[in-house]
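Good morning, and thank you for making time for this presentation.

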Amino acid sequence: MGDTQSTQLQFNQLRARKKQLIFARSPIHDWGLYAMEAIPQGEMVIEYVGEVIRAQVADKREKWYEKIGIGSSYLFRVDEDSVVDATKRGNLGRLINHSCTPNCTAKIIVVNSQKKIVIYAKTSIEPGEEITYDYHFPLEQEKIPCLCGSPRCRGFLN
Ligand SMILES: C[S@@+](CC[C@H](N)C(=O)[O-])C[C@H]1O[C@@H](n2cnc3c(N)ncnc32)[C@H](O)[C@@H]1O
Ligand SMILES: [Zn+2]
C-alpha cells in the first residue's frame, strides 16, 4: 500500500473510531485535551476541525476576535492561502494547548483533494496525559509568554 493510501485508510479509521479524549482544566492554559486511552506513537489522535477560510479573511477575523476579547486563538494556518478557524465551528481539537516539548505533532494531509489538519502522536501517550503539539507560531514583536512548563520551554509562543 502506498503512503497516500495508508494515510487515507488511517484517516477513515480515525473518523470511524474516534480516540477517547476529554477536555479538562489544564495547568498550561484554561482548558486542555486529555487522552483517556493509551495512544501508540505514530497514530492519528484527532482532526483539527473548523471553517476553512482565506488568509485575508483570517487576518480580519483575528483583529475582530481580539477586539471583542476572545483571547485564545483558534486559527490554524494550513498554507499561504488558507486558514482553519475553529472559533465558532470546531471539535475538541481546538482545545489542544501548545508545548515546547509536545507529545503530538500537527500535520497537513490531503484526503480526496482536500487538505486536512491531523494531530499525530509523536510519542506513545498514556491515559490521563494532556495532548500537546508545537504551534510553531511565527515570530512576532508582541510576545505571548509560554506556560508549557517544560524544562526546555522556549519562553514564548511566538
Ligand atoms: C487553540 S487554544 C487552546 C485551548 C485553550 N487552552 C482554551 O481553553 O481555549 C490556543 C490558545 O491557548 C493559549 N495557550 C495554548 N498553549 C499555551 C501555552 N503553552 N502557554 C500559554 N498560553 C497557551 C493561548 O492563548 C492560545 O492562543
Ligand atoms: Zn513552552
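Strands β1 (residues 21–25) and β2 (residues 31–35) run antiparallel and are joined by five bridges. Strands pair here if DSSP finds at least two bridges between them; strands are DSSP runs of E with at least two residues, helices are runs of H or I with at least four, and both are numbered from the N terminus. Within this pair, F23 stands opposite L33 in β2. The two strands form a hairpin with five residues between them, and D30 in the turn has a positive phi of about 40 degrees.

A word on the basis of these values. This is a predicted model, in which local features need pLDDT of at least 70 and side-chain atom pairs count only at pLDDT 80 or more, while totals for chains, interfaces and linings use all residues. Residues are numbered from 1 along each chain as its sequence is written, chains are lettered from A and ligands numbered from 1 in the order in which they are written, and side-chain values use heavy atoms, with hydrogens and water left out.

Is E37 buried or exposed? E37 is buried, its relative accessible area being 13%; buried means under 20%, exposed over 50%, and partly exposed in between, with a 1.4 Å probe and protein chains only. The side chain of E37 makes a polar contact of 3.1 Å with that of R17, and also reaches the backbone nitrogen of Q20 at 2.8 Å. A polar contact is a pair of N or O atoms within 3.5 Å; within protein, one must be able to donate a hydrogen and the other to accept it, and residues adjacent in sequence count only if both atoms are side-chain atoms.

Now the zinc ion (ligand 2). Which protein donors does the zinc ion have? They are C100 (SG), C146 (SG), C148 (SG) and C153 (SG), at 2.3 to 2.4 Å; donors are N, O and S atoms within 2.8 Å of the metal (3.2 Å for Na, K and Ca), and sites may look incomplete, as water is not among the atoms. Along the chain, these donors follow the spacing C-x45-C-x1-C-x4-C. C100 lies in the loop between β7 (97–98) and β8 (104–111) and C146 in the segment after β10 (132–133), so the pair ties together parts 46 residues apart in sequence. C100 is buried at 11% relative accessibility, and C146 is buried at 10%.
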